[in-house]
Amino acid sequence: MPDSGYPWPIETSRLDNGLRVVVSEDRTAPAVAVNLWYDVGSRHEPTGQTGFAHLFEHLMFEGSVNVAKTEHMKLIQGSGGSLNATTNPDRTNYFETVPAEHLELALWLEADRMGGLVPALTQETLDNQRDVVKNERRQRYENVPYGDAWLRLLPLLYPPGHPYHHATIGSMADLNAADLATFQAFHQTYYAPNNAVLTVVGDTTASDVFALADKYFGALPARDDIPAAPDGRDVPATGQTAVESVSADVPAPRVYVAHRTYPFGSPEYHVVTVLATVLGSGRGSRLYQRLADGERLAQPDLVGAYGVDLAHAPAPLIATATARPGVSAERLAEGLAEVVDELVTVPVTAAELDRAKAMLSTGWWRQLSTVDGRADLLGRYATQFGDPARVADQLPGLLAVTAEQIAAAAAEVLATDRVLLTYLPEETS
């Protein structure tokens with residue numbers, strides 16, 4: 001496997017209605033991945049409509065003009081395929097992987113719900129899926145230890161009014177307050193062909209995909225007045241540490257230290273990605289070596305650091321650790337901050353750099369090893385950067401990072417506002 005680049009062909013086209021189509025042919029297995037990226041996520045949601053993009057992740061499986069409720073799943077799975085959807089602050093994507101002979105079915109299904117969801121959306125379906133989202137919030141965020149950390153970190157990192165201030169799950173009050181017409185208008189605004197990228201990877205040809213895309217998507221009208229997403233790149237510094245302490249039903253103290261860095265896709269974010277790997281990925285990382293293995297402050301499987309790949313604002317760098325029995329939250333926070341801050345004063349060694357790049361290379365090729373992984377990456381680069389071929393720059397960018405760049409990035413990032421979020425077991429608060 002080569003160390004850089006994207007060793008498969010990439011061909012692109014654009015339909016008259018603005019739908020961008022990306023195809024990467026790979027004949028090694030008789031399967032195709034279909035991935036549809038919509039340029040709508042929680043950062044696009046107007047005031048009072050938080051959680052809408054995520055709710056539509058659910059609603060898009062609840063039937064459209066020619067496909068009854070739950071039939072989308074039945075048709076794909078009945079054809080030997082798999083499917084799902086995800087939402088994040090930057091986008092919503094819907095995807096299927098099917099045997100190559102069922103490519104046309106997958107494209108027809110995606111086109112039907114792009115153009116035919118609103119006429120089929122009923123109050124009953126809306127109410128049902130609102131309840132599903134409420135249950136998801138309880139199960140994923142509210143009723144699990146530390147589950148609401150992301151909901152708390154975002155408002156600490158980004159001020160009110162910033163597009164990343166709220167999480168994709170949104171406000172239950174907003175979801176409850178909106179009527180059917182408001183949800184229909186949101187879909188008609190953003191789920192349009194000229195706000196989407198269709199990517200197909202696998203056992204097919206570009207000419208076949210372009211023809212099928214035109215057949216099924218070509219008649220869908222473009223939307224001329226899609227609102228521009230708010231600009232989130234400028235986040236005024238406060239010069240202070242934002243501190244929040246939470247007493248909750250958790251088994252041990254946990255601490256998060258977070259900083260805003262640079263947007264995903266920038267050369268500076270490549271540096272942050274390597275920095276985060278040196279800091280907190282695996283047993284060879286600084287956090288593990290110091291806090292889990294050395295000073296024995298943190299539980300070995302609950303210490304780490306990572307960047308969150310947000311593309312339209314300074315993306316977060318988050319370090320976290322959970323205390324061993326008998327270790328106080330204060331001592332853990334002190335130790336975590338020490339290791340993070342030493343990125344400025346203790347140079348990254350050649351061994352640390354080599355290890356980090358090896359881990360990132362492995363992760364990169366693991367994602368590219370599947371047709372669905374490739375389809376998602378190509379859709380991302382086409383949507384966020386206007387060119388799917390930019391995917392080939394990602395690994396070379398990571399491998400070019402130097403220890404000097406890491407020190408410089410650490411000095412700049414760690415000098416900005418810090419977020420300190422601490423969880424305390426209720427009985428010790």
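The largest nonpolar core of this predicted model runs to 139 residues, and Tyr191, Leu198 and Phe217 are the ones with the most contacts inside it. A core here is a set of buried Ala, Val, Leu, Ile, Met, Phe, Trp, Tyr and Cys residues joined through side-chain atoms within 4.5 Å, where buried means under 20% relative accessible area, exposed over 50% and partly exposed anything in between (1.4 Å probe, protein chains only). Helix H9 gives the most to this core, with eight residues; helices (H or I, at least four residues) and strands (E, at least two) are DSSP runs numbered from the N terminus. Phenylalanine 217, with neighbours within four places in sequence set aside, is in contact (heavy atoms within 4.5 Å) with Leu15, Asn17, Leu19, Leu36, Leu107, Glu110, Ala111, Met114 and Leu198.

On the housekeeping side, residues are numbered from 1 along each chain as its sequence is written, and side-chain values use heavy atoms, with hydrogens and water left out. Local features need pLDDT of at least 70 and side-chain atom pairs count only at pLDDT 80 or more, while totals for chains, interfaces and linings use all residues.

Aromatic rings come next. There are 18 aromatic pairs in the structure, a pair being rings of Phe, Tyr and Trp (its six-membered ring) with centres within 6.5 Å; planes under 30 degrees apart count as stacked, over 60 as edge-to-face and the rest as tilted. Tyrosine 38 and tyrosine 94 make an edge-to-face pair, because their ring centres are 5.8 Å apart with the planes at 80 degrees. That pair links distant parts of the chain, as tyrosine 38 sits in strand S3 (residues 31-38) and tyrosine 94 in strand S5 (residues 92-99), 56 residues apart. Tyrosine 38 is buried at a relative accessible area of 0%, and tyrosine 94 is buried at 0% as well. Phenylalanine 52 and phenylalanine 186 are also edge-to-face, with centres 5.4 Å apart and planes at 75 degrees. Here helix H1 (residues 52-59) supplies phenylalanine 52 and helix H7 (residues 180-190) supplies phenylalanine 186, so the pair ties together parts 134 residues apart in sequence. Phenylalanine 52 is buried at 0% and phenylalanine 186 at 2%.

Arginine 254 has its charged end over tyrosine 146, 3.7 Å from the ring centre, and arginine 374 lies over the face of tryptophan 8 at 3.9 Å.

Trp364, Gln367 and Leu368 of H12 meet Gly373, Arg374, Asp376 and Leu377 of H13. Elsewhere in H12 is methionine 359, partly exposed at 35%.

Note on methods. Lys NZ or Arg CZ within 6 Å of the ring centre and 35° of its normal.
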